[in-house]
Amino acid sequence: MKKLILIFAFIVFNISAYSQNLIRGEYFIDSDPGFGRATGFEVALPDSDLTHAITIPYESFLGTGYHNLFVRTQDSNGNWSQTTRNFVETDVNSDMPEVIRVEYFFGDDNGFGNNSFELLEASSDNTWNFIVPFDQLPKDWSANDTLSIRVQESVNNNWSQTTLIDSLNFVMVGINDLEEKTGVSVYPNPFSNEIGISSQNEDNLRLVLYNDLGILLLDRKVGRNDKINTQHFSPGVYLIVIYTDRQKLFGSKIVKL
């Protein structure tokens, strides 16, 4: 009998501290033993902006079924990050059906099979990444809104339980509201060969740019007054994402002529 842990996820979270390097982390399942008392892991190359992978033994999950997996990190000053939650399922089965697609929705559920979906590489034991096109994000999506996802298997076309992703610290705003909410001005809009970035409060911002298909085009740190060369970008609509303090993300649509 083969033990399987199915983790349904669509976003890889970058962990950022900006001013201090992250040096360690810890995880726990279902019950929080307290800061510094969970299962720890070291960060091989401490940094203020990183993505880190950890391996969790099957035996850590007590029994089959659904579990909550929690992760947090600690910086070089001893401060702990917020605790993030991931929803996982464990099972013991030698003939697990293959997962073939995932569907997702914001707000109202249109019913099984009637929401936006992505086809997946068929597998019974895998972790899948997929892109939600930014034009499907709610116009005024706030950090308290929830993304729902579920997957479908290949044998009987049954659907999994619907998972709620409630740890996305992301807000969609209009380009004219971006400066008011973040102190960061992005100009001009529409733009042609250059985007200007101006910040009132922060010296170390991170800017990410996606095209209308959700493909990452640019990911870099910018200063209080900076310029980004966009001559090689095609005309169209883009999503610009600004990372501010406390790992807060703000997104806005901009247009290249």
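Here are some numbered notes on this predicted model, from the overall fold down to single residues.

1. Ground rules. This is a predicted model, so local features need pLDDT of at least 70, side-chain atom pairs count only at pLDDT 80 or more, and totals for chains, interfaces and linings use all residues. Residues are numbered from 1 along each chain as its sequence is written, and side-chain values use heavy atoms, with hydrogens and water left out.

2. Overall picture. The protein chain has 1 helix and 19 strands (DSSP runs numbered from the N terminus: helices are H or I with at least four residues, strands are E with at least two). Of its 257 residues, 40% count as buried (buried is under 20% relative accessible area, exposed is over 50%, partly exposed is in between; 1.4 Å probe, protein chains only). The accessible surface comes to about 13,900 Å², with 47% of that belonging to carbon and sulfur atoms (Shrake-Rupley method, 1.4 Å probe; for residues, only the protein chains shown count as cover). Take the contacts between residues at least 6 apart in sequence: 61% of them join residues at least 24 apart (a contact is heavy atoms within 4.5 Å).

3. In soluble globular proteins, nonpolar side chains tend to be buried together. Here the largest nonpolar core has 20 residues, and Val 186, Ile 197 and Leu 207 have the most contacts inside it (a core is a set of buried Ala, Val, Leu, Ile, Met, Phe, Trp, Tyr and Cys residues joined through side-chain atoms within 4.5 Å). Strands S13, S14, S15, S16, S18 and S19 each supply at least two residues of this core. A second, separate core of 19 residues includes Tyr 104, Leu 147, Val 151 and Met 172.

4. Thr 163 sits in strand S11 (residues 163–165) and counts as buried at 6% relative accessibility. Beyond four places in sequence, Thr 163 touches Phe 87, Leu 147, Ser 148 and Ile 149. Ser 199, in strand S14, is buried as well, with a relative accessible area of 8%.

5. Side chains of opposite charge can pair when their charged atoms come close. The count comes to 7 salt bridges (a side-chain nitrogen of Lys or Arg within 4 Å of a carboxyl oxygen of Asp or Glu). Glu 26, Asp 32 and Arg 72 are linked in a network of them. Arg 72 pairs with Glu 26, the closest N and O atoms being 2.7 Å apart; Arg 72 is in strand S6 (residues 65–75) and Glu 26 in strand S3, so the pair ties together parts 46 residues apart in sequence. Arg 72 is buried at 1% relative accessibility, and Glu 26 is buried at 2%. Asp 32 also forms a salt bridge with Arg 72, at 3.0 Å between the closest N and O atoms, but Asp 32 counts as partly exposed at 42%.

6. Asp 109 and Arg 150 meet at 2.9 Å, N to O. This pair links the loop between S8 and S9, where Asp 109 lies, to strand S10, which holds Arg 150, 41 residues apart.

7. Aromatics. There are 5 aromatic pairs (Phe, Tyr and Trp rings, six-membered ring for Trp, with centres within 6.5 Å; planes under 30 degrees apart are stacked, over 60 edge-to-face, the rest tilted). Phe 112 and Trp 159 form a tilted pair, 6.3 Å centre to centre with 45° between the planes. Phe 112 lies in the loop between S8 and S9 and Trp 159 in the loop between S10 and S11, so the pair ties together parts 47 residues apart in sequence. Ring pairs also link Phe 191, Phe 233 and Tyr 238 into a cluster.

8. Most residues other than glycine have a negative phi, and most peptide bonds are trans. The bond from Tyr 187 to Pro 188 is cis, with omega near -15°, and a cis bond joins Asn 189 and Pro 190, with omega about 5°. Pro 188 is in the loop between S13 and S14, and Pro 190 is placed in the loop between S13 and S14 too. Asp 30 has a positive phi of about 70° and lies in the loop between S3 and S4. Asn 157 has a positive phi of about 60° and is found in the loop between S10 and S11.
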